Amino acid sequence: MKLVIASDIHGAAQWCERLMDAVEQERPDCVVLLGDLLYHGPRNDLPADYAPKRVIEMLNALTPQVIAVRGNCEAEVDQMVLDFACMTTNNTLLDPATGKTLFCSHGHVYGPGLHGSANNLPKLAAGSAFIYGHTHVKVSQEGPGGLWLFNPGSVGIPKDGSHSYGIYEDGHFEHHILGDA
């Protein structure tokens with residue numbers, strides 16, 4: 001199972017275009033979107049390339065592949081314009097090849113307590129992975145109870161210097177850089 005994992009696009013069309021190019025190149029089984037897709041949010045500056053209508057069009061083209069969760073910036077109006085479900089707090093995937101459970105959430109309700117995420121991890125078996133966004137900071141490290149913690153960083157408004165997404169394949173996670181901030 002191969003996943004492209006992206007979070008915190010925040011309506012940044014130029015960076016979403018780069019993500020679409022990466023999806024085309026990577027050819028994943030699914031695209032996991034971890035929320036904050038269209039709106040920049042009251043705590044962020046407006047991205048220079050803010051064009052949520054263009055982002056809607058690009059993301060809707062991926063609908064058959066998308067698994068999405070709600071970020072703290074999503075609202076009911078976002079669900080009205082996106083063709084895939086985006087209002088659930090979390091989603092759980094099972095990698096059939098490894099048996100690994102992948103718990104996906106934005107990071108504001110469930111989180112590992114890193115870089116301003118919620119400090120509220122769900123109870124998961126050792127060897128599972130907790131995948132989240134929200135903080136705009138890349139993470140790939142072992143967490144409590146044998147969980148693997150993975151944050152792909154931010155596509156649209158990175159807070160750690162580089163626009164990024166993640167890949168999950170063959171039981172492993174890695175970060176990919178879209179460009180520098």
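Predicted model: local features only at pLDDT ≥ 70, side-chain atom pairs only at ≥ 80, totals over all residues.
Me: Why is Lys 2 called buried?
Reply: Buried means under 20% relative accessible area, exposed means over 50%, and partly exposed is in between (1.4 Å probe, protein chains only). Lys 2 has 14% relative accessibility, so it counts as buried. Lys 2 sits in strand S1. Strands here are DSSP runs of E with at least two residues, helices are runs of H or I with at least four, and both are numbered from the N terminus.

Me: Which residues are in contact with Lys 2, leaving aside its neighbours within four places in sequence?
Reply: Contact means heavy atoms within 4.5 Å. By that test Lys 2 is in contact with Glu 26, Arg 27, Pro 28, Asp 29, Cys 30, Ile 167, Tyr 168 and Glu 169.

Me: What makes S1 largely enclosed by the rest of the structure?
Reply: 5 of the 5 residues of S1 are buried, so the strand is largely enclosed. Lys 2, Val 4 and Ala 6 point one way, while Leu 3 and Ile 5 point the other way.

Me: How do you know that S1 pairs with S11 and S2?
Reply: Two strands pair if DSSP finds at least two bridges between them. S1 and S11 are joined by 4 bridges and run antiparallel. S1 and S2 also have 4 bridges, in the parallel sense. Ile 5 stands opposite Gly 166 in S11 and opposite Val 32 in S2. Strands of a sheet pair through backbone hydrogen bonds, either parallel or antiparallel.

Me: What makes S4 and S9 edge strands?
Reply: An open sheet of 5 strands has the order S4-S5-S8-S10-S9, with mixed pairing. Strand S4 (90-94) and strand S9 (139-142) each pair on one side only. The twist averages 15° from one strand to the next. Inside this order, S8 (129-131) and S10 (148-151) run parallel, joined by 3 bridges. Phe 130 has Leu 149 in S10 as its bridge partner.

Me: What makes a set of residues a nonpolar core?
Reply: The members are buried Ala, Val, Leu, Ile, Met, Phe, Trp, Tyr and Cys residues, joined through side-chain atoms within 4.5 Å. The largest such core has 30 residues, of which Leu 19, Leu 33, Leu 59 and Phe 84 touch the most other members. Two or more residues come from each of S1, H1, S2, H2, S3 and S11. H1 gives the most, with 7 residues. A second, separate core has 14 residues, including Leu 3, Ile 5, Val 69 and Leu 102.

Me: Why are H1 and H2 called roughly parallel?
Reply: Axes are lines fitted to C-alpha atoms, for helices over the stretch in contact, and angles run from 0 to 180 degrees between N-to-C directions. Angles under 35 degrees count as roughly parallel, over 145 as roughly antiparallel, 65 to 115 as roughly perpendicular and the rest as oblique. H1 and H2 pack at about 15°, with axes 9 Å apart. The two helices are therefore roughly parallel.

Me: Which residues meet where H1 and H2 pack?
Reply: Ala 13, Cys 16, Glu 17 and Met 20 in H1 meet Arg 54, Val 55, Met 58 and Leu 59 in H2. The buried residues of H2 are Val 55, Ile 56, Met 58, Leu 59 and Asn 60. Their cover includes H1, S2, S3 and helix H3 (76-81).

Me: His 10 and Asp 170 each have a positive phi of about 55°; how do you know which is buried and which exposed?
Reply: Neither residue is a glycine. His 10, in the loop between S1 and H1, has a relative accessible area of 0%, so it is buried. Asp 170, in the loop between S11 and strand S12 (172-180), has 57% relative accessibility, so it counts as exposed.

Definitions and conventions: Residues numbered from 1 in each chain as written. Heavy atoms only, no water.
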